[in-house]
Amino acid sequence: MTERVAIFGGVYSNHLALAALLEDAPRRGAARIFCLGDLGAFGPHPDEVFPLLREAQIPVVQGNYDNSVGNNLADCQCGYTDAKDNYFARLSYDYTFANTAPENKTWMRDLPGEIRLNLNGVRVLLCHGSPRRMNEFLWETTTSLAFLERLCQDFEADIIVGTHTGLHWHRALPNGKHFINCGAIGRPANDGRTCVWYALLSIDEKASVTVEFIPLEYDHARLASEMRAENLPPEFVATIETGWWTTCLEVLPMKERARGVF
Amino acid sequence: MTATDTDRPPFLPLTSLDTLWFQVAGTLCNLRCNHCFISCSPQNHTLGLMKFEQFKPHLDEAVQYGVKEFYFTGGEPFINPEIFEILEATLAVGPATVLTNATRFTEEKIARLAGMRDASEYSLELRVSIDGFSPETNDPIRGPGTFVQAMNGVRMLVAAGFLPIITSMRSWEIHQDDEFLREFKARLAEIGYTRPRMKLLPSLKIGQEAKRDHGYGKYEFVTEAMMVGYDETQLLCHNSRVVSDRGVHVCPILVDKPDAKLGVTLRDSLNGYRLRHQACITCYRFGALCSNAGSLEGNRLARSGSEANPALGTTPTQN
């Protein structure tokens with residue numbers, strides 16, 4: 001029978017979207033749910049996501065944010081090189097670090113760097129950025145198919161799923177393998193919509209693969225109000241309310257940048 | 001290690017061939033900038049224009065190796081009469097970035113570029129070199145009239161939906177970066193570029209630049225001792241090679257240095273390279289010099305290197 005799993009990443013302290021996902025994914029037939037990391041950043045009250053994840057027993061891959069906060073590092077290791085990107089990354093990291101309880105930091109420190117699944121004989125590798133580097137940006141328009149095939153071969157996977165960039169995309173590769181970026185549930189996909197995105201991966205008994213991206217509605221107005229109450233930057237709140245990215249934009253390739261308005 | 005050993009230039013293996021550059025215009029350029037690190041000019045034939053038939057086998061080989069992205073430079077790539085065919089073939093298999101002085105664009109050429117951009121699932125990035133925010137600050141470096149010409153090129157690119165990355169070599173003190181960017185962004189806004197992407201580069205004190213400003217100091221070399229705790233993924237040569245009409249070289253900065261030519265095919269170039277040139281210290285200090293990402297401010301990498309986090313993982317060995 002078909003095996004169906006839900007995969008999400010980039011929670012960014014958006015506990016309201018996380019709660020919505022945990023109701024939505026089982027309704028769509030997902031037998032299991034996996035998280036690809038970056039639990040904190042950007043949003044309010046970072047401790048609120050942990051009880052939800054533990055209660056639902058969600059396996060979590062460690063993201064760069066989780067690695068940084070968990071190991072008391074000086075910055076988020078997001079991999080930005082532009083001064084303006086790093087300015088906002090700093091605000092976000094300092095707030096998240098200061099407001100995460102010690103026991104949650106320890107929990108994140110001990111998360112695995114990858115999870116491997118076998119779904120109807122298909123080898124699935126779950127990671128954060130890429131299988132070789134936790135904070136590698138794999139963008140839809142700057143990652144060749146040949147490179148993705150090489151990753152599948154080097155890491156002995158039929159399907160690789162990552163997050164990190166916060167934008168969802170999928171490529172069926174010429175050699176029959178797949179690469180999926182499951183997107184982020186922490187902030188919208190720079191598309192002018194307030195919903196956030198996750199992936200449903202279905203593999204039938206003939207090992208045929210179906211990938212669906214699910215737009216997830218949640219109470220974004222409430223999140224925005226919580227962010228304001230926490231004095232988070234108005235730029236972050238604007239993204240939640242409008243669906244357009246306002247910060248950490250310089251790292252985007254041209255086509256991804258051109259799709260947004262800033 | 002003895003003290004003598006640690007003073008040696010370090011050997012850096014190629015960990016993963018992710019990025020391939022093509023020196024499509026060789027050392028030929030319509031301009032004669034006085035900071036050019038490989039002294040390109042209309043008469044510098046050290047490296048020639050690449051023909052499509054020379055380029056294509058390297059592209060095919062790159063696909064075999066799983067190269068992730070492609071970059072095109074010179075000289076000025078748009079003086080190569082086959083540049084459009086070369087870019088079209090590239091965009092069928094991966095993303096392309098072209099480094100240009102934007103002085104040779106016409107509406108017709110930009111329409112052709114926009115067409116191939118829209119037909120591809122990959123990004124076509126244009127990186128435009130302009131070294132000042134006015135004729136007074138740019139033209140002494142790049143030549144009379146080049147500011148107006150290049151800004152006109154940028155205007156046409158933006159009108160066609162491109163978001164070119166404006167690249168400037170820092171000929172001012174690093175603490176003046178913000179002022180430079182503010183001035184330049186105001187000028188770009190005047191021609192319709194309201195969300196400009198900017199990249200500042202440190203100067204490479206070789207070629208013409210060594211005459212314009214000054215060369216490297218006697219002791220400015222990378223040594224083995226300096227690599228301890230350093231994040232070598234910041235160096236282009238750990239994951240990149242450059243192809244010219246003469247063969248495969250270690251990096252675009254050293255492309256005219258005889259010892260930096262590694263062979264004829266990519267296969268010949270998969271071994272590492274000893275960082276024996278003084279220009280290597282600029283990459284060491286600033287990192288990400290040639291990629292589209294901005295360079296970090298000086299010395300920051302040396303710090304982040306010592307805090308390098310093993311959990312971030314490393315790249316698998318090539319082969």
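Tutor: Let us begin with B:Asp18 and A:Arg150, whose side chains meet in a salt bridge with N and O 2.9 Å apart; the term stands for a side-chain nitrogen of Lys or Arg within 4 Å of a carboxyl oxygen of Asp or Glu. This is a predicted model, in which local features need pLDDT of at least 70 and side-chain atom pairs count only at pLDDT 80 or more, while totals for chains, interfaces and linings use all residues. Residues are numbered from 1 along each chain as its sequence is written, chains are lettered from A and ligands numbered from 1 in the order in which they are written, and side-chain values use heavy atoms, without hydrogens and water.

The pair crosses between chains: B:Asp18 belongs to the loop between β1 (11–12) and β2 (19–23) of chain B, and A:Arg150 to helix α6 of chain A. Helices (H or I, at least four residues) and strands (E, at least two) are DSSP runs, numbered from the N terminus. Both B:Asp18 and A:Arg150 are buried, a word used for under 20% relative accessible area, with exposed meaning over 50% and partly exposed the range in between (1.4 Å probe, protein chains only). The two residues are also part of one network, in which salt bridges that share partners join A:Arg132, A:Glu136, A:Arg150, B:Asp18 and B:Lys68. Side chains of opposite charge can pair when their charged atoms come close.

Two further salt bridges lie within chain A. A:Arg171 forms one with A:Glu140, the closest N and O atoms being 3.5 Å apart. Because A:Arg171 lies in strand β6 (residues 169–172) of chain A and A:Glu140 in the loop between β4 (122–126) and α6 (145–154) of chain A, this pair ties together parts that are 31 residues apart in sequence. A:Arg171 counts as buried, at 12% relative accessibility. In the other, A:Arg28 meets A:Asp24 at 2.8 Å, N to O; here A:Arg28 is partly exposed at 35% relative accessible area, whereas A:Asp24 is buried at 9%. Over all chains, the count comes to 33 salt bridges.

Among contacts in chain B (heavy atoms within 4.5 Å) between residues at least 6 apart in sequence, 74% join residues at least 24 apart.

In chain B, a cis peptide bond with omega of about 10° joins B:Gly74 and B:Gly75, and B:Gly75 is found in the loop between β3 (69–73) and α3 (83–91) of chain B. B:Ala102, although not a glycine, has a positive phi of about 60°; B:Ala102 is placed in the loop between β4 (96–100) and α4 (107–119) of chain B and is buried, at 1% relative accessibility. In chain A, A:Ala41 likewise has a positive phi, near 110°, in the loop between β2 and α2 (49–55) of chain A, and A:Ala41 counts as buried at 7% relative accessibility.
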